[in-house]
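Work through the exercises below with the sequence and the model open. Try each task before reading its solution.

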Amino acid sequence: MKNSILIVDDQEINRVLIAELFREEYNIFEAENGKQALEILEKNSDIAAVMLDLIMPVMDGMEVLFELNRTGKIYHIPVFIITAADNTQMLAEAYGLGAVDIIPKPFRMIFIKSRIENIIELYRHRNELVEVVEDNVGKINKNTYKLVESLAALVEFRDGGSSEHEKQVRHITKHLMTILGAMYPEYEFDPATVDKISIASVLHDIGKIAVSDSILKKPEKLTDEEFEAVKTHTTRGCDILAEMPEGVVDQETFRYCFDICRYHHERWDGSGYPDGLSGNDIPIWAQAVGLADVYSSLISPRVYRDAFDSETALQMIRDGKCGSFNPKLLKAWEKLVDEGYFTK
């Protein structure tokens, strides 16, 4: 049972008014800016709801919503916007980031409590159901990932690399998809789906099983003919996946595996392969894996070159030396850079 409510507002009188409504049934946490609110949320797992002002010093409410999206907390804790602002665009953006309701100032106290408690109860039941489902899905995904990881490690070994590459691609994909969804609602997926996409990313190069060792491990530059053979790993990988026994992965995960395998070398401007897709004709999960794959490949040693350092790899991506990528995806990528993800 989540028995606490967090009230975030830089005006003490507003915090007092709301606190008095819930003090008998809930523990009350108060914060006067977004930074304090995130610290409270990090330390306390029993928050049933957040009352969030938008316009505050230090860190505003929109920044808090963005962070709750990035961490996935927005799916488990209802966030109510309390504001006097009459900015339609801002309020629409708040809804897009997962806010469940807008409570305008000045407060009409008679309506607030019932509205909030009804939604708290709804989230409480939903979270209980999600826990049951995730427990069962988690057991399945654990076994699925072990098999997927073993296949990917075999591919990477034949390609002259190590299992670190597929692990890096999986982790980068998961963080990139999460932050992309927080920044752009059209690319938002729930955490369970992001997990499936990150698991599927591990098989992006499975088609290399069908490519000759003499090509994969050649220390010199490939001929045009040899490079064309390497490019077939996208379509041949899909052929391999199509022969996968039924039940190894669920239908949704299989779709992500298939799309990622085929399209992770497509590029935003249509210059990629195998189908020359461009723009949003390329599934966003394949776009994300394509970018993660490029970075991880650059910082990994290959038989034909040494590894690049992280900063050089990042600059090569910025300079377009690895092909063109979705501008929104690149902005999410830079957000990861700014947060120090690639220096950890």
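**Exercise 1. Describe how α6 and α12 cross and pack.**

Solution. Start with handedness: α6 passes α12 in a right-handed crossing. A crossing is right-handed if the near helix is turned clockwise from the far one by less than a right angle, and left-handed if anticlockwise. Helices here are DSSP runs of H or I with at least four residues, strands are runs of E with at least two, and both are numbered from the N terminus.

Next, the residues. On the α6 side the contact is made by His165, Gln168, Val169, Ile172, Thr173, Leu176, Met177 and Leu180. On the α12 side, Ile284, Trp285, Ala288, Val289, Leu291, Ala292, Asp293, Tyr295, Ser296 and Ser297 take part. Contact means heavy atoms within 4.5 Å.

Sort them by class: 12 nonpolar, five polar and one charged. Ala, Val, Leu, Ile, Met, Phe, Trp, Tyr, Cys and Pro count as nonpolar; Asp, Glu, Lys and Arg count as charged; the others, Gly among them, count as polar.

Last, the geometry. The α6 and α12 axes are 8 Å apart, at an angle of about 135°. That makes α6 oblique to α12. Axes are lines fitted to C-alpha atoms, for helices over the stretch in contact, and angles run from 0 to 180 degrees between N-to-C directions. Under 35 degrees counts as roughly parallel, over 145 as roughly antiparallel, 65 to 115 as roughly perpendicular, and the rest as oblique.

A note on the source: this is a predicted model, where local features need pLDDT of at least 70, side-chain atom pairs count only at pLDDT 80 or more, and totals for chains, interfaces and linings use all residues. Residues are numbered from 1 along each chain as its sequence is written, and side-chain values use heavy atoms, with hydrogens and water left out.

**Exercise 2. How many disulfides does the count come to?**

Solution. Apply the cut-off: a disulfide is a pair of cysteine sulfur atoms within 2.5 Å. The count comes to zero. Check cysteine 257: the nearest cysteine sulfur, that of cysteine 261, is 8.5 Å away. Check cysteine 261: the nearest cysteine sulfur, that of cysteine 238, is 4.4 Å away.

Then look at burial. Buried means under 20% relative accessible area, exposed over 50%, and partly exposed in between, with a 1.4 Å probe and protein chains only. Cysteine 257 has 2% relative accessibility, so it counts as buried. Cysteine 261, at 0%, also counts as buried.

**Exercise 3. Find the backbone exceptions.**

Solution. Recall the background: most residues other than glycine have a negative phi, and most peptide bonds are trans. Valine 58 has a positive phi of about 70°, although it is not a glycine. Valine 58 sits in the loop between β3 (47-52) and α3 (61-71). At 66% relative accessibility, valine 58 counts as exposed.

Now the peptide bond from tyrosine 273 to proline 274. It is cis, with omega near 10°. Proline 274 lies in the loop between α11 (251-263) and α12 (284-298).
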